[in-house]
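Open your viewer and keep the selection tool handy.

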Protein chains: 2
Amino acid sequence: MSETLTIKDAKAIIENQIEELAKRNKEPEWVTKLRYKGLEAFETAPYSDPVLPNLLDFIAKAEEVPISEIRSLEDLPPEMKALLDRLGISEVEQKYIAGLAVQSDTGVIYNEFLKQWEKKGLIMTSMEEAVKRFPIVKEHFMKLFSPGENKLTAYHTAVWNGGVFLYVKEGLKVPFPLHLFFLIQESSLAQAPHIVILAEKNSEVHLIEGCTSPVLVKHSLHLDMTEAYLHEGASVKLSVLQNWPEYVHTRPMTRAKIGKNAQFINTTVGLGSGKSNIANPKYWVDEGGYVELNGILLGQKDFYVDLGGEMYLQGKGARGINASKAVIMDESTVITRGIIHAQAPKTKGHISCDALLMSDKAKMETYPGLVSRVDDAELSHEAAIGKIKEEELFYLMSRGLSEEEATQLIVRGFLEPLLKDIPMEFVVEIRKIIELAVSGGM
Amino acid sequence: MSETLTIKDAKAIIENQIEELAKRNKEPEWVTKLRYKGLEAFETAPYSDPVLPNLLDFIAKAEEVPISEIRSLEDLPPEMKALLDRLGISEVEQKYIAGLAVQSDTGVIYNEFLKQWEKKGLIMTSMEEAVKRFPIVKEHFMKLFSPGENKLTAYHTAVWNGGVFLYVKEGLKVPFPLHLFFLIQESSLAQAPHIVILAEKNSEVHLIEGCTSPVLVKHSLHLDMTEAYLHEGASVKLSVLQNWPEYVHTRPMTRAKIGKNAQFINTTVGLGSGKSNIANPKYWVDEGGYVELNGILLGQKDFYVDLGGEMYLQGKGARGINASKAVIMDESTVITRGIIHAQAPKTKGHISCDALLMSDKAKMETYPGLVSRVDDAELSHEAAIGKIKEEELFYLMSRGLSEEEATQLIVRGFLEPLLKDIPMEFVVEIRKIIELAVSGGM
């Protein structure tokens, strides 16, 4: 069943998936209706993807995968257990078990956060449950995207499954990071979790998403969509750690509305050798608001990341920073294309992009964009693509380090400044991955 | 006759133009054949232009304009006389008369440079004459472009008229700048001069192009194409001064092959309020070669410039700089999109873009691109879009300058560093234009 489908066949498969999802989830009518809007938009929506020309292949395969449901930690597949161990999660878990939700393939498998936090005003629940329990979800679901923007948004709208609703009530400052894991276990699966984050006035929360897949998976598609709404003075950190093997394609779609004096810090750590096209994220920033996008990329093998992001500084004094650092090895490719629009007085925006090319088959492209219509806004960007400076290497080697150790230290020193919002347990794990990668051990 | 033509009508008009040009110029067969290649490519060639959607309108009008020929300085139209005076040319002329060629509409009207320089190995002659006299022209004519790239290249190939061939023999260092003027006098004219520059080994030359149009001209199109070939160690400076009124569209097309250790410095000064789309220039740089693109832009009224440029650093140690400075007033728009490709070891490239927005209806967009596949190349870019700093204004005003004088001084100080290759006579004139513009007098 790996031959390419016709669009008509694909629509039939999507319609089957919608029916199955609607039946299984017993979801409200508006949810199913919205799915059909996605189906309707699918045929005519535009589609262009640099590394995934045949979306229909994935859809063909997605049909074959049974939607599994795992209800407790004991049901975890061994690969995920190993992952959690490898990422230091067993310890994190003990402290932060409240916030741990794990999604395997298309079912949320662990979702046992403490009921007392819900009483305090923190809700983190599977999206399937949220659409039934919380009327406020409907007002925020698929409001920052429209189904017909492209085939991926249309497909996501039709078959989204899993994901979470995260709600933080006014003034609540959640004292621990919440964790969300995505694990792809099956081949050719279009995993399409939908995440809505709603941070009320002056609330604070940090959500950490980890993504990986066991090495045996072939050609999978991870198609998540995140919509974040930050009310006045709210602070949301979203840290996404991706460590996909080479046959996994991710097309994360993230958009956020950042209210007056609110701040949104979105850090993406991309490791491994998967293929990501961070498709058309958008951030709208109101008066005095702040958005910061950090991209930390360590590309190996034929890793491919196309990292975009448009910021609209719409309110007076709104600020935005888009910073990326990439270490590009082997035959991997990194493309960055942040754009900042200054649309109100006293706004400030900065884009920076630094890359170390570690191989002459590695490739870096950067296309920042600045657009200003405002005479007292300040926009700037800077970029540098180069290699590790020989003086630095020689200096460290003269201090007794081997070339490998010196290189590892320089790469760490290059990437770590952007890891400031990542908890230490993860930084330790990321360091191990950097060391393994730079020593050629991965 | 201002309604839009069909493509078939346009082709018939172009064919008429070709026949008329071929007959009038008594040109060699290969020239006319090439024109027909352009005609052939015109129909299917792609076309997209942000501000000039109806190319066919210009073609319709072009038909109506008689191709005039003026043979001596006395025949100069009064507008051009005024321009030459305004640009200080009457003095320059006395010194540099050798290099002065003036093209009015589609005929080269003044082309009287000293015969002794031709004996020394400097040739600067009208392109119509060059294609007949110098076999070497054929080897270099339309070799850096292909007719079918887009409708503008196809159209240019078909109906090019005027322009010059500039040849500098091995080792000759031309001690004075050569001047070339384009003046559009008629409405809706597609002026399409073709320029070939051929700088032999270790030669040196500086060509200054001035472009303007009397204010009465409505909706004209200036579609010049420049092909420059720099052999080993050659040095070519090309300074283009554009001061078009608002209804003139310019679509200059420039490409250069820069040989081993050669250097090409291309400075564009864009004043006035015309619409330019500096369409897809390309620069290929060989081992040890150097290319520098400077853009100095002072946008007024609804000035629109889209300034591109791709550099390919193909030889070891090749270097490229793309620097632009823009002062953007009124409702004008400036877009810059330089791209540097590092394709060989030890190459270095830098893009910078600085802009002052002087009005909240002015617009700046910048999209630099860096592409590297080489692990010991160094690429970087930086940009800043902002306004005149209040501290600087206040400081100058505290020294007794009026706000207007202080602003003029800051704008001059901002733009002038890139004017280093422009002769002082022109810098003086450019200063006057800046002063008039900033004081709202234009």
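Which residue in S26(A) does A:Lys348 stand opposite? Select A:Lys348 and look across: the residue there is A:Glu378. Keep in mind as you go that this is a predicted model.

**Stop 1: two strands of chain A**

Now widen the selection to strand S23 of chain A, residues 348-357, together with strand S26 of chain A, residues 378-386. These two strands run parallel to each other, and nine bridges link them.

**Stop 2: from chain A to chain B**

For one of them, pick A:Ala384; its bridge partner in S26(B) is B:Ser380.

Next, select strand S24 of chain A, residues 363-366, along with S25(B). Here too the sense is antiparallel, this time over three bridges. Click on A:Glu365 and you will find B:Val371 of S25(B) as its bridge partner.

**Stop 3: the whole interface**

Show everything in contact between the two chains. Chain B contributes 32 residues and chain A contributes 32 residues. About 2600 Å² is buried between them, with carbon and sulfur atoms giving 52% of that area. On the chain B side, colour B:Arg373, B:Asp375 and B:His381: these lose the most area to chain A, together 23% of what that side buries.

How many salt bridges does the rule find across the interface of chain B and chain A? The count is zero. Polar contacts are there to look for, though: 11 residue pairs between the chains, both residues at pLDDT 80 or more.

Stay with chain B and highlight S24 (363-366), S25 (369-372) and S26 (378-386), the elements that each give two or more residues to the side touching chain A. S26(B) supplies the largest share, nine residues.

**Stop 4: confidence in chain A**

Finally, colour chain A by pLDDT. Its mean is 82, and 81% of its residues reach 70 or more. Select residues 87-100 of chain A, where the pLDDT is below 50; beyond near neighbours in sequence, this stretch has 34 contacts in the model. Then move to residues 104-111 of chain A, another stretch with pLDDT below 50, which has 43 contacts beyond near neighbours in sequence.

Note on methods
Residues are numbered from 1 along each chain as its sequence is written. Chains are lettered from A and ligands numbered from 1 in the order in which they are written. This is a predicted model: local features need pLDDT of at least 70, side-chain atom pairs count only at pLDDT 80 or more; totals for chains, interfaces and linings use all residues. Side-chain values use heavy atoms; hydrogens and water are left out. Contact means heavy atoms within 4.5 Å. Buried area is the accessible area (1.4 Å probe) that two parts lose on being put together, summed over both. A salt bridge is a side-chain nitrogen of Lys or Arg within 4 Å of a carboxyl oxygen of Asp or Glu. A polar contact is a pair of N or O atoms within 3.5 Å; within protein, one must be able to donate a hydrogen and the other to accept it, and residues adjacent in sequence count only if both atoms are side-chain atoms. Helices (H or I, at least four residues) and strands (E, at least two) are DSSP runs, numbered from the N terminus. Two strands pair if DSSP finds at least two bridges between them. pLDDT is the predictor's confidence in each residue, from 0 to 100.
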